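Morning, everyone. Today I want to talk about aromatic rings and their neighbours. Here is the model.

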Amino acid sequence: LCRGGLAERLCRLQNRERSAISFWRHQGISDAKIPSDKSGVLIVKILEMFEECTIQVAVCQQLEQSPATLSPEDAVINAGEPILKVLFARETAAHLKSRPQDVIHIYPPWQKLLLKNADVPVIMNTYFSQKVLLSEHSETREKTYSLTKMLIRKNIISLAQTFRLDDLDDELHQESSDNQVACAPQIHNNCDSKQHLLAQSAVNDSLLEMVESQGAVGWREARVRVVIQRVYCLPAREGYRSHVQGNRTLCATPIINSDPPNVRLCLLVQDAYGMFSEVQLQSLSSADDIEQYCRRWEGKFCCLAGMKILQRTTRGRTLGLFSLIDTLWPPVVPVKVPGQSQDSEMMTTNLPPPSFCYILTLQSGEIHVEVDEEEQISNLYQPPAVRGLKEILQIDGCNERCSFWARVLYLRLQTKHSVPINQREIWLFVTDSTLQNVVHIIPKVVAVSVAASCVLSTEITEALSVASQLVFFKDALWGNGRIICVERTVLLLQKPLLYSAAGADLSELTGPVRLDELDSTTQANSVCAVRGTVVGVNESTAFSWPTCNRCGNGKLELCPQDRGLLYCSQCSEVVISPVLKMQLEVFLSCPSRSQSTVKVKVWHEMSFGLFVLINMLLSLQSYEVQSVLGKEVGLLNCYVHSVTSHPNCVALEEIVLL
């Protein structure tokens, strides 16, 4: 806060006010006693209570006195006594825990507000209030009531109604605009009760207004209309997951050590005022249907009901969520501004980015999300901006979301044994036409890290395990020279219906894929092509083993019926023509890296007849090293394990591209 500014002064005033209220409550005023000094004390009896805009409104009758001999039930309502509306702040209402028929003493400095064209005065500044218990019967009733929670009706008054921004019913337009403060239903007032019913059934368009009017507990009857900007899955962090059938929660089962891990379907929505919210829907056993949800829901309007606030998060707490929100800001069309007329043109370029976001979740047993799939795509929807990999690698910013098409050439799982398999990251080595057609300044193949928090569908994992695929990376994260797939990143095989390519070359690869040759700029955790001459072989690490020629199983056994045959337990058949695999570590002399020791782990496969293979293994016959030395090695596709300067060494492994 600026020193000496209005905000700092207001903050100090609020702190002093809270301290004064706490000190007053600890003055030793017992709930069973009435202070003798009652000068200026307003004594009221509550007739009706409801909540409006987080303020508790109590319709009360003023009492001239509250004798100690009378209980609240004996305080007879006199028709001549004035009716008041008393406003209690949320903290004060929680302290009083008032109910109808309770007697409340309101101590100065309370204030009375007289509204124009309104007969009922409003009492404000009621922080110094005390509920009076006058008899043993009242104390017993209070203890009984404390065990049950008081359900207070909430009135939803739209800001659009308050500021006359929407065209509502003609009768509402005819009401006096000077009576906007007292929006709650009046006693014996048919017009206000009609307004209340209309507000209950109307669809709101402001997430913030709905949250403030309904509170953190959630809303049931009220609905808010939003636009679905993104659909994705998040890992379910809870200890239990809900099986959903239709729109009702059936049961909960533990998911600890479950396989596969269950995920939660989520929506990133935006309202007419530009505010975002993440809606966490039901749990799914997998993300297999994410492509269908993206195609059907993104860009469509939906109505949310039966929501509750799971968390109010800020930019500093969830950078991943706000990095996605930043790609959708500023809005492509003008958004509404609370309190301003919507007929004037509003600029969207100078609007400050959102600093907080509400994460909403479901209340069980309710109809939660109504998506109008037949409606046209909203003008507020911003599809992912697809760019080429060359353009992404030249971005100067950090933690920016990017979307691109790329062909996956090679897949590699993280090999840290201290990390569980389901928590290891996957490296995808990808390329596109923008990288294949450039000079050596930019690499022809880029490594994309897929974090364990990124949910992959079974369709993606199965497709990548078989062959090279053209994959759409939606909302990946770019930063510090790396592309990372994190939470809220979606990988798809199908082309989305809507996407924008601002001058990006998205043409398909026509010729064979080329890798960068090994040179002085080659870095670890990359792929390259190597050529050179074999100058040495590490015999101590060389080994060979037979594999099944059908499934590739490398753990063959001797057949129980015939010890002269090999048996594959996966195929449950005898292996007649096994394939002998060999692993060698050879040292190459490479002209492109003449000052470095280049060590390559190469693999060889040779097909042998069964008896030849058995005799070779039994006699431990090995290859001749001299026959390998001096051989010219063509372009080998290799993965770079490490690059060190002391000693100057490059460790490679021969790989097979998808």
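I'll take the ring pairs, then the charges over rings.

This is a predicted model, where local features need pLDDT of at least 70, side-chain atom pairs count only at pLDDT 80 or more, and totals for chains, interfaces and linings use all residues. Residues are numbered from 1 along each chain as its sequence is written, and side-chain values use heavy atoms, with hydrogens and water left out.

Rings of Phe, Tyr and Trp (its six-membered ring) pair if their centres lie within 6.5 Å; planes under 30 degrees apart are stacked, over 60 edge-to-face, the rest tilted. That rule gives nine aromatic pairs. One of them is Y293 with W297: tilted, 5.0 Å between centres, 55° between planes. The two sit four residues apart in helix α8 (residues 290-297), so about one helical turn separates them. Helices here are DSSP runs of H or I, at least four residues; strands are runs of E, at least two; both are numbered from the N terminus. Y293 and W297 are both buried, meaning under 20% relative accessible area with a 1.4 Å probe, protein chains only.

Next, W405 and F472. Their centres are 5.0 Å apart and their planes at 35°, so this pair is tilted. W405 is in strand β20 (residues 400-413) and F472 in strand β23 (residues 470-479), so the pair ties together parts 67 residues apart in sequence. W405 is buried at 12% relative accessibility. F472 is buried at 0%.

There is also an aromatic cluster: W24, Y107 and F128.

Now the charges. One sits over a ring if NZ of Lys or CZ of Arg is within 6 Å of the ring centre and within 35 degrees of the ring normal. R225 puts its charged end over F301, 3.8 Å from the ring centre.

How values were computed:
Buried means under 20% relative accessible area, exposed over 50%, partly exposed in between (1.4 Å probe, protein chains only).
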